[in-house]
Amino acid sequence: SQACLPFFIYKIPLGGLKMVIVMKPEATEQQLKEVLSKIEELGYRPHVIYGATRNVIGAVGDERGKFVLQSLEVLDGVEAVIPILKPYKLASKEVKKEKTVINVRNVSIGGSDIVIIAGPCAVECEEQIINTALAVKKAGADILRGGAYKPRTSPYTFQGLGEEGLKLLKKAGEIAKMPVVTEVVNPEHVDLICEYVDILQIGTRNAQNFELLKRVGQTNKPVILKRGMSMTIKEWLMSAEYILSEGNMNVILCERGIRTFENATRNTLDLSAVAVLKEETHLPVIVDPSHATGYAKYVSPMAYAAIAAGADGLMIEVHPQPEKAFSDGPQSLNFNAFERMIEKVKLFSNIARTNYP
Ligand code: PEP
Ligand code: MN
């Protein structure tokens, strides 16, 4: 039987991780030592991960012949020897079976409740962000979003307010008593942004910007990692692995639609990714139907579908006057539409959360 592994492996040469040897909770120090020397005899390097209830050993080495390690199962004190087959390690359920729950202030992401992240595409001015914060909070949102550095397709369009936007976002979050999230586009901005926000977001255009991923992996802020618009699920998990392998275990995956031949919507929302990720990873998965569809009228049906598919939460763009938004107006909901959507989301989530634990 495969035990749950109540730990995270950190700073071991994970690329070479081939087997995980799970010790019994009652295993002695002597038994552990014997397993370690046996691993070395077989030509592998052992790395002990000391857990609260049991110790676990990662065996690092050559891919070929790794199954000789299976013979360790007969040693005293060993509970299980588990092969690591996936290219992503820390993100995989092979390494950690229980769901990751991320706590930000008073909000849990990946727990029993659906989490709602809402706010404008971009912070535009004080009045806009504060009014939106209060409105989405009243409607039932948990976390406030707002871009200060916008990765725009055209260099001639609004690029965000920068640090001024961060200040306004933080202020709005304090007034509405909500944690805040913003996108980071440049490794050099990371320290500054961390002073103002609770959660960092990596956008679709930077989902394989490995230097940026490593940099946010070195912070202690949870990271929402959006799916690259042309990324496979496997590539997406490898990007998550970049963050995890730097020691930041708090990654939230956000499906936001992918590029396909279909052009009736801005992107194609790949909801099967939610089901696949539930099999593959312990990380929370949320869905952004705003960027996925590109049109306000399609946002709520896809939000309900996302919840039914098992998503842990939603990210929704909301603006006081979508027709006047500096960016992504056509896909933004006004306060009224958002409030009505959230009422229904609650009904769907009651059913989904009790049926798919
Ligand atoms: C955003 O959240 O405003 C954004 C730019 O999203 P994406 O990276 O998914 O396009
Ligand atoms: Mn946007």
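Predicted model: local features only at pLDDT ≥ 70, side-chain atom pairs only at ≥ 80, totals over all residues.
Let's start inside. The largest nonpolar core takes in 71 residues, and the ones with the most contacts within it are L144, L225, L253, L314, F338 and M341. Helix 6, residues 233-244, gives this core its largest share, namely six residues. Once its neighbours within four places in sequence are set aside, F338 is in contact with I116, A118, V136, A139, A141, I316, V318 and L333.

S92 sits in the loop that runs between strand 4 (78-83) and strand 5 (102-104). Is S92 buried or exposed? With a relative accessible area of 1%, S92 is buried; the cut-off for that label is under 20%. Its side chain reaches the backbone oxygen of K89 at 2.9 Å. Leaving out the neighbours within four places in sequence, S92 is in contact with K86, E280 and H282.

On to the charged pairs. The structure holds 15 salt bridges, and a few are worth a click. One of them joins the side chains of R54 and E79, at 3.3 Å from N to O. R54 belongs to the loop between strand 2 (45-50) and strand 3 (55-60), while E79 is in strand 4, so this pair ties together parts that are 25 residues apart in sequence. R54 is buried at 14% relative accessible area, whereas E79 counts as partly exposed at 28%.

The side chains of D198 and R105 also meet in a salt bridge, with 2.8 Å from N to O. Here D198 is in the loop between helix 4 (190-196) and strand 10 (199-202), and R105 is in the loop between strand 5 and strand 6 (107-109), so the parts being tied together are 93 residues apart in sequence. As for accessibility, D198 counts as buried at 12%, but R105 counts as exposed at 64%.

Then there's R215, which forms a salt bridge with D191; their closest N and O atoms are 2.7 Å apart. R215 comes from helix 5 (residues 210-217) and D191 from helix 4, so this pair links parts 24 residues apart in sequence. Finally, look at K99, D312 and R353: salt bridges that share partners join these residues into one network.

Notes. Residues numbered from 1 in each chain as written. Chains lettered and ligands numbered in written order. Heavy atoms only, no water. Core = buried A, V, L, I, M, F, W, Y, C linked by side-chain atoms within 4.5 Å. Buried < 20%, exposed > 50% of the residue type's maximum accessible area, 1.4 Å probe, protein only. Helix = DSSP H or I, 4+ residues; strand = E, 2+ residues; numbered from the N terminus. Contact = heavy atoms within 4.5 Å. Polar contact = N/O pair within 3.5 Å; in protein donor to acceptor, adjacent residues only side chain to side chain. Salt bridge = Lys/Arg side-chain N within 4 Å of Asp/Glu carboxyl O.
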